[in-house]
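This report looks at a ligand site and at one pair of strands. Please keep the sequence and the structure in view while reading.

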Amino acid sequence: MSDIRHVSGDERLRTAFTLYPYAFDESPSPDAAEGLASILPFHEGNHTLIAEDGGRTLATAAAIPTHQNLRGIVMRMAGIAWVATHPAARRQGHCRRLMRQLHRDMLDTGHLLATLYPFHPSFYEQLGYVGLPLNRTATFAPEGLAPLLGVELPGDVSWQGIQDGFEVYRAFQRRLLAQRHGFMFTPDYRAARILAPADRWLAVASVDGEVVGVLTYRIDGYGGRLHGDELLYTNGLGRALLLQFLAQHVHQVAQIAVTVAPDEHPETWAGSLAVRTEARAAFPTSPPLMGRLLSMDALRDVPCGSGRTQIEIVEDELLAGRYLLDGTRGTIDVTVAGQAGERATLTAAGLSGLAYGVLDPADVVARGLGDISDNVAAELRALLPRRTPYAFGKG
Ligand SMILES: CC(C)(COP(=O)(O)OP(=O)(O)OC[C@H]1O[C@@H](n2cnc3c(N)ncnc32)[C@H](O)[C@@H]1OP(=O)(O)O)[C@@H](O)C(=O)NCCC(=O)NCCS
């Protein structure tokens, strides 16, 4: 039986990192070890675990201490990443054991949520995770935004390299964290990854000195494509200012692609905009984010509708138990419930789907993630109405 232990600093290079090139990169590659040493600083505060046997690293998994907004409340979230098992040690349960240990460790340090990009969603569903909506990519020719150029807007857009605008960019992300359900905010040591290649421009939309939108992007050549990252804004004016800025790239680039939220409708941005908006879920190359609650405390004091019901969580070592969810005060009060009374039976993935707002109680039943009567479904629907989580803040 292998042992699990925590590794930090450059010990990671001799342990966890030895598994990364084979699991995640093109291989064999003679430069792999050198490349890994250069990314060590971006792992600085990660909680990295390894499974080892006789000094040999067999498997690894890590968690990035991140923050996420759940229905208006900002809480600590464990961003799980770098999960890999030596090819000769696979299918022996190492990954499953490491995940369980990571969950316990991250909960002990106050992380109430966890997210990850899955290689195989059903494996993580058993571990309590539910899929969140994918962001979309909107692709269009800048000519389609030309009508916006004639509109006088009360604001301006400044333009700089990401190195110069990094603090402004991070400050804006931090503001969105407080405002948008699902938004994530990574620690500084990880966010700094964008500065290492310094291959991004930053457009900042402001009104009366207040930032209302940001977009990082790069251009792959004259007559080529402008590759935008996440289109981030606090209001419609912020978005309009950024779109006006993009419109100014007509005759410079042939196409623009930007990442937008799942409920964004780019076809409404301008009357004549020919645009393709798409999301492609594929495993392991383009997986939707999955998320879960690590503790019932994640629901405590979350703003809600006026429902009240009991639930029982099954098959999950962290959440198993009976609870009363009471939203009659406008925020959720979570208490331990007794044996009596009607209740929903939910897996951790079913509860996570309701909490993140991606599943209605009827969807939970249809997905086999719970058993819910019509009465209890109505209460749960009032308590945790569907909402679109913005899986933004990737960094
Ligand atoms: C994914 C990976 C970490 C799994 O590690 P592992 O130690 O073999 O995982 P476990 O033994 O705990 O198996 C966990 C479950 O994953 C699934 N699984 C593991 N390998 C699988 C495979 N090759 N094909 C399909 N399912 C697989 C199974 O459901 C398995 O459960 P089971 O054994 O009850 O069927 C490993 O295959 C790997 O390093 N892959 C390349 C990198 C990667 O994809 N990382 C994951 C990023 S989220």
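The model is predicted, so local features need pLDDT of at least 70 and side-chain atom pairs count only at pLDDT 80 or more, while totals for chains, interfaces and linings use all residues. Residues are numbered from 1 along each chain as its sequence is written, and side-chain values use heavy atoms, with hydrogens and water left out.

**The ligand site**

The ligand is surrounded by 17 residues, a residue being near if one of its heavy atoms lies within 4 Å. The closest are Val 83, Thr 85, Arg 91, Gly 93 and Arg 96. By class, this shell has nine nonpolar, five polar and three charged residues; Cys and Pro are among those counted as nonpolar, and Gly counts as polar. At least two shell residues come from each of α2 (20-24), β4 (73-85), α4 (94-108) and α5 (121-126). Helices (H or I, at least four residues) and strands (E, at least two) are DSSP runs, numbered from the N terminus.

| Protein atom | Distance to a ligand oxygen atom |
|---|---|
| Arg 90, polar side-chain atom | 3.3 Å |
| Gln 92, backbone N or O atom | 3.1 Å |
| Cys 95, backbone N or O atom | 3.1 Å |

The protein covers 72% of the 900 Å² of accessible area (Shrake-Rupley method, 1.4 Å probe) that the ligand has on its own.

**The hairpin**

Strands β18 (residues 321-326) and β19 (residues 333-336) pair in the antiparallel sense over four bridges; pairing requires at least two DSSP bridges. Leu 324 stands opposite Thr 335 in β19. Six residues lie between the two strands of this hairpin, and Gly 330 in the turn has a positive phi of about 95°.

Technical notes
Polar contact = N/O pair within 3.5 Å; in protein donor to acceptor, adjacent residues only side chain to side chain.
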